Amino acid sequence: MSQIQAIRGMNDVLPAESPLWQRLEGVTRSLLGAYGYEEIRVPVVEHTELFKRAIGEYTDVVEKEMYTFTDRSGDSLTLRPEATAGIARAMISNGLLRGARHRVWFTGPMFRHEKPQKGRYRQFHQIDVEAIGFAGPDVDAELIALTARLWKHLGITRVQLNINSLGTPESRRDYRVKLLEYFEGHASRLDEDSRRRLHGNPLRILDSKNPDMQQVVAGAPLLLDYLDLESKEHFAQLRATLDACGIPYVVNPRLVRGLDYYSRTVFEWITDALGSQDAVCSGGRYDGLVAQLGGDATPAIGFAMGIERVVELLRQNQPDTAGPAADAYVVVSGPRAEVEGCRIVEALRDALPHRRFELNLGGGNFKAQFRRADRSRAALALILGEDEVARGVVSVKPLRAESGQSECPVAELPARVEALLAG
Ligand code: ATP
Ligand code: MG
């Protein structure tokens, strides 16, 4: 029969790779807890309208990347392409805002119909962190400090922080006029996407990934030159705090980010270790989003980290990802020993829950079983043949030390095993 293939751009995380995922998730989870963030979980699907309104009509995500379908009730639903919109929706629909402040994080798969390549997939995973109800540059700086500490805890060094300010929607309006003038003056050099966005949202052109567009984009006026006074002060305070915390950054006036809802601070950690998929963690302030989704006006800032890309950085640092070794391997020979072996290893798991035991499964002669014991990288073999069963003992053989084999009464086994493993 023909094999059923996986969906293009949607990956399996195999057992050999999961230790790196678990390490990243574990380090992130404990760091977020230390900064006072709580976990939130939101659905995989939402009404399509949520993403259209939050992310913006003239974005790559909404124009061409969403997995949108009509369900059996005739509703238009979409697999979430990102988490911020769903989290903001959850805050509003559960009545959690009303002047309250929340620091939350989330992790899970996101879906975008992109062209699959290394570091760019159709199902990918993010860790998403949001501080909702906080207006000042202090939280912007703390959130960035958290990401800098995360790289330190993970031993990742090939990353660089880019920051920029997008100002307020009002200050962007003046800039938009200037930008429109500039791009209209260079209309013949715009690609099809950019021509469509020219009158819808010319800022989107700055985010073009088309190499042929880079030159015309490079000559465009800079948003930083059109900031309102308050946004300028906000940005200066953020920079002063980052300087004081010793966090290096580059001000990148071309950084606009791919989603429409950002205002003021935007930032991106990029790397030169992953080829053209260089963004590993991106975020920014979205003071207008909650109101845009029908909630009370609430300032907020957040970021999303691409797990596949960070895992790839971890893999480059630490290519050997052998799974954990067993502590003891239980060799059993004969039907009575198989029954007794199962009973004994369950008793050991009761007594020593922090230890890892591997029971020989599927029979085999002693030679085959010792070969498996060796592969399990266990420190001890616990040997049970018909003779041991008859006498109520287990033979204990250290596999990595010179000391020889000894016998142990079954009742004393937990204490003996623990003493040998700890010693
Ligand atoms: P890019 O510029 O690489 O397309 P983006 O601006 O679309 O990224 P965001 O929407 O801000 O990305 O998502 C945050 C992070 O999620 C990115 O920095 C990246 O690490 C990761 N990411 C985004 N899209 C993908 C994808 N298709 N596959 C894997 N990771 C992704
Ligand atoms: Mg993208």
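This is a predicted model: local features need pLDDT of at least 70, side-chain atom pairs count only at pLDDT 80 or more; totals for chains, interfaces and linings use all residues.
Let me begin with the lining of the largest cavity, to which helix H12 (335-351) and strand S14 (380-384) each supply at least two residues, helices (H or I, at least four residues) and strands (E, at least two) being DSSP runs numbered from the N terminus. Residues are numbered from 1 along each chain as its sequence is written, and side-chain values use heavy atoms, with hydrogens and water left out.

The structure holds 1 cavity of 30 Å³ or more, and the space in the largest cavity is about 40 Å³. A cavity here is a set of points, on a 1 Å grid over the protein atoms alone, where a 1.4 Å probe fits but cannot get out, whereas a pocket is an open set with protein on both sides within 12 Å along at least five of seven lines, and lining residues have an atom within 4 Å of a point. H12 gives the largest share of this cavity's lining, 3 residues, and among the lining residues are Val-330, Gly-341, Ile-344 and Leu-382.

Turning to the second largest pocket, its volume is about 580 Å³, and of the 28 residues that line it, Pro-169, Arg-172, Asn-201, Asp-260 and Tyr-262 are the closest to its centre. Helix H2, helix H6 (169-185), strand S9 and helix H10 (289-292) each contribute at least two lining residues, with the largest share, 4 residues, coming from H6.

Strand S9 (residues 263-271) also carries Trp-269, which is paired with Trp-151 of helix H5 (residues 137-154), 118 residues apart in the chain. The two form an edge-to-face pair, with 5.8 Å centre to centre and 75 degrees between the planes; for such pairs, ring centres of Phe, Tyr and Trp (its six-membered ring) lie within 6.5 Å, and planes under 30 degrees apart count as stacked, over 60 as edge-to-face and the rest as tilted.

Finally, there is an open sheet of 3 strands in the order S2-S4-S3, with antiparallel pairing, where pairing requires at least two DSSP bridges between two strands. Strand S2 (45-47) and strand S3 (68-70) stand at the edges, each with a single partner strand, so one side of each has no neighbour in the sheet. Strand S3 is joined to strand S4 (residues 76-79) by 3 bridges, and Phe-69 has Leu-77 as its bridge partner in S4.

Technical notes: Chains are lettered from A and ligands numbered from 1 in the order in which they are written. Grid points are joined across faces, edges and corners, and a volume is the space filled by probe spheres set on the points.
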